[in-house]
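Here is a briefing on one protein model. Please look over the structure first; the points by topic follow.

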Amino acid sequence: MSIHDEIQKRRTFAIISHPDAGKTTLTEKFLLYGGAVQLAGSVTSRKNQRASTSDWMELERKRGISVSSTVLQFDYAGYKVNLLDTPGHKDFSEDTYRVLTAVDAAIMVIDAAKGIESQTQKLFEVCRNRSIPIFAFFNKMDRPTREPLALLDELESVLQAHVYPVNWPLGTGFDFKGVFDRQQNTVHVFDRLAGGGQHKAPVSIGNISDPFVKDRLDEASYAKVVEELEILDAMGGEFDPAAVLTGYTMPVFFGSALNNFGVQLMLDNFLKYSATPAPRKSGDRVIPTEDPAFSGFIFKIQANMDPNHRDRIAFVRVCSGKFDREMTVTHGRTGKRVKLNSSHKLFGRERETVNEAYPGDIIGIVGHSEFGVGDTLTEDETIRYDEIPRFTPEAFIYLGNPNPYKAKRFTEGLDQLLQEGVAQELVTHTTSQNSRLLAAVGPLQFDVIRYRLETEYGAETRAEPAPWKILRWVSPQASDEQLHTMVLPTGCQLATTREGARVLLFHADWELKYFAEKNPRLEITRHPFTSLTPSAAL
Ligand code: G4P
């Protein structure tokens with residue numbers, strides 16, 4: 001098969017949602033369709049037995065949250081599907097955002113009883129900033145939900161999205177009887193099955209005016225659906241696949257992941273209308289996916305992912321050319337030539353050696369302590385993919401080692417985790433090897449660091465609160481003279497990141513105003529000075 005054909009059949013995406021909307025359940029059902037799991041474990045049995053395939057850390061199970069991201073690859077209907085799992089908790093957002101730099105589309109799961117929630121909105125903004133096509137799935141239609149028209153309206157008004165409902169629910173909650181596929185003009189009837197959605201749902205199909213469809217709904221519900229469908233037809237023109245590809249139109253689906261209803265309908269449409277792997281930018285150039293030279297970038301690093309293999313994996317998104325296990329490539333940041341023969345294909349916890357991969361695929365490279373998030377690996381030394389934006393921390397902590405006998409473990413472990421990008425380290429005139437100042441997007445991240453230091457490195461930790469709440473980036477143009485003479489509110493602090501950027505730490509908003517008044521010529525910003533600016537909403 002030619003490289004062109006290989007690329008055409010690939011789809012690389014993530015499922016995004018507010019915690020509890022049903023992302024894990026939907027992932028399981030996708031895997032069921034892909035034949036990657038035999039029987040989708042119900043969430044309850046999952047709790048008792050083992051986590052779903054995409055969970056791996058014990059902490060995830062203890063806390064009931066998804067901490068780290070996974071890659072799942074499966075074949076379905078002629079497609080090679082790469083599904084990247086994103087952590088579901090708001091505190092792990094930086095990791096999630098990095099994963100979103102590696103996908104070409106996203107499915108946004110929304111609990112139809114709740115509508116848009118805070119996390120949905122943030123993730124949506126990130127996708128939209130990258131013009132990633134988003135498909136919405138209103139989940140839990142088997143339970144009482146909000147009015148479908150009101151849900152659509154909310155998508156349009158809150159997210160400023162242009163929506164197109166591809167299917168439409170026939171009733172909601174206990175009266176939920178199925179969906180009408182507006183593309184195919186057919187009804188998919190929902191049968192509540194004993195045993196939930198462990199198996200692929202049987203689908204009965206008919207037209208909206210078929211007597212058996214009318215029979216299932218009471219007169220009022222039927223009239224309401226017909227009226228809603230008329231409103232939709234009157235509201236919005238034809239379905240335009242080109243507008244979906246540019247990220248302008250958001251196709252909308254209704255269903256129930258738990259009952260496995262509407263899942264296949266959405267998956268089929270998603271694969272049909274979502275984009276093939278997109279080319280990436282290297283400075284002013286766009287590198288075509290069919291470029292003869294292999295290239296990719298590292299979007300995530302994870303150490304000790306599997307206790308059976310205590311090592312470090314760099315996740316690489318292949319962007320151009322064909323990856324071959326025997327090849328030697330250039331590591332963009334150091335200019336070193338490296339062999340990638342330690343590469344793996346990943347499936348949740350499991351890994352297998354990968355011999356070849358194509359644009360859109362994710363490979364895991366084991367070892368290579370010099371690799372960092374954002375680095376380019378390529379056969380063509382002139383390719384250097386744009387940086388992955390860092391986010392501005394809002395939580396700070398001093399972390400020290402209470403046990404002098406374990407100092408080495410503490411230092412090595414923390415250095416390793418910082419290289420993974422789990423938090424940023426700040427250096428001030430008061431920090432030391434035994435009192436390190438860490439900064440993260442949310443405080444839960446510190447629990448993860450402490451837990452991992454303890455379980456993976458056998459290190460002990462002592463945490464002390466740091467007083468600041470706000471970080472601002474100092475313009476790289478600011479002179480040393482300016483920094484020596486600036487006027488800072490009491491207790492505010494100048495610090496330096498590992499990468500050498502200078503930042504200021506404040507306790508409260510009023511101090512920012514005070515600072516601006518006293519130092520009008522010293523520019524500080526909310527977002528780091530990089531080539532890419534993350535969403536202003538973050
Ligand atoms: P997440 O990954 O987005 O956090 O959500 P997850 O799939 O874990 O689902 C969250 C809860 O919602 C689960 O219940 C799951 O069974 C339920 N759920 C998912 N899809 C549907 C659906 O289509 N209909 C209904 N009725 N429920 C659904 P849980 O964690 O076991 O909690 P509980 O509700 O059983 O107590």
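Serine 131 lies in the loop between α6 (118–129) and β5 (134–139). Helices (H or I, at least four residues) and strands (E, at least two) are DSSP runs, numbered from the N terminus. The model is predicted: local features need pLDDT of at least 70, side-chain atom pairs count only at pLDDT 80 or more, and totals for chains, interfaces and linings use all residues. Residues are numbered from 1 along each chain as its sequence is written, and side-chain values use heavy atoms, with hydrogens and water left out.

**Positive phi in loops**

- Serine 131 is not a glycine, yet its phi is positive, near 55°.
- Serine 131 is partly exposed, with a relative accessible area of 45%. Buried means under 20% relative accessible area, exposed over 50%, partly exposed in between (1.4 Å probe, protein chains only).
- Lysine 140 sits in the loop between β5 and α7 (148–158). Lysine 140 also has a positive phi, about 65°, although it is not a glycine.
- At 19% relative accessibility, lysine 140 counts as buried.

**The open sheet**

- Seven strands form an open sheet with mixed pairing, in the order β2-β3-β1-β4-β5-β11-β6. Two strands pair if DSSP finds at least two bridges between them.
- β2 (71–76) and β6 (162–165) are the edge strands. Each has a single partner strand, so one side of each is left without a neighbour in the sheet.
- Neighbouring strands of this sheet are turned by 25° against each other on average, direction ignored. The axes behind this angle are lines fitted to C-alpha atoms, for helices over the stretch in contact, and angles run from 0 to 180 degrees between N-to-C directions.
- Strands β1 (residues 10–17) and β3 (residues 79–84) run parallel and are joined by five bridges. Threonine 12 stands opposite asparagine 82 in β3.

**The β8–β9 hairpin**

- β8 (residues 178–181) and β9 run antiparallel, joined by four bridges. Valine 179 has histidine 188 of β9 as its bridge partner.
- Four residues lie between the two strands of the hairpin, and asparagine 185 takes a positive phi near 60°.
- Strand β9 (residues 186–189) is covered on both faces. Thr186 and His188 are buried on one side, Val187 and Val189 on the other.

**Helix α12**

- The 14 residues of α12 (residues 407–420) should span 20 Å at 1.5 Å a residue, and the end C-alpha atoms are 20 Å apart, which agrees. The expected span is 1.5 Å times one less than the number of residues.
- Phe410, Gly413, Leu414, Leu417, Leu418 and Glu420 of α12 are buried.
- Seen down the axis of α12, these buried residues fall within an arc of 150°, so they line one face of the helix. The arc is that of the directions from the helix axis to the C-beta atoms.
- Glycine 421 follows α12 and has a positive phi, near 90°.

**Aromatic contacts**

- The whole structure holds 16 aromatic pairs. Rings of Phe, Tyr and Trp (its six-membered ring) pair if their centres lie within 6.5 Å; planes under 30 degrees apart count as stacked, over 60 as edge-to-face and the rest as tilted.
- The rings of phenylalanine 299 and phenylalanine 315 have centres 6.2 Å apart and planes at 50°, so the pair is tilted.
- This pair links distant parts of the chain, 16 residues apart: phenylalanine 299 in β14 (residues 295–303) and phenylalanine 315 in β15 (residues 312–320).
- Phenylalanine 299 is buried at 2% relative accessible area. Phenylalanine 315 is buried, also at 2%.
- Phe13, Phe30, Phe135 and Phe270 are linked into a cluster by ring pairs.
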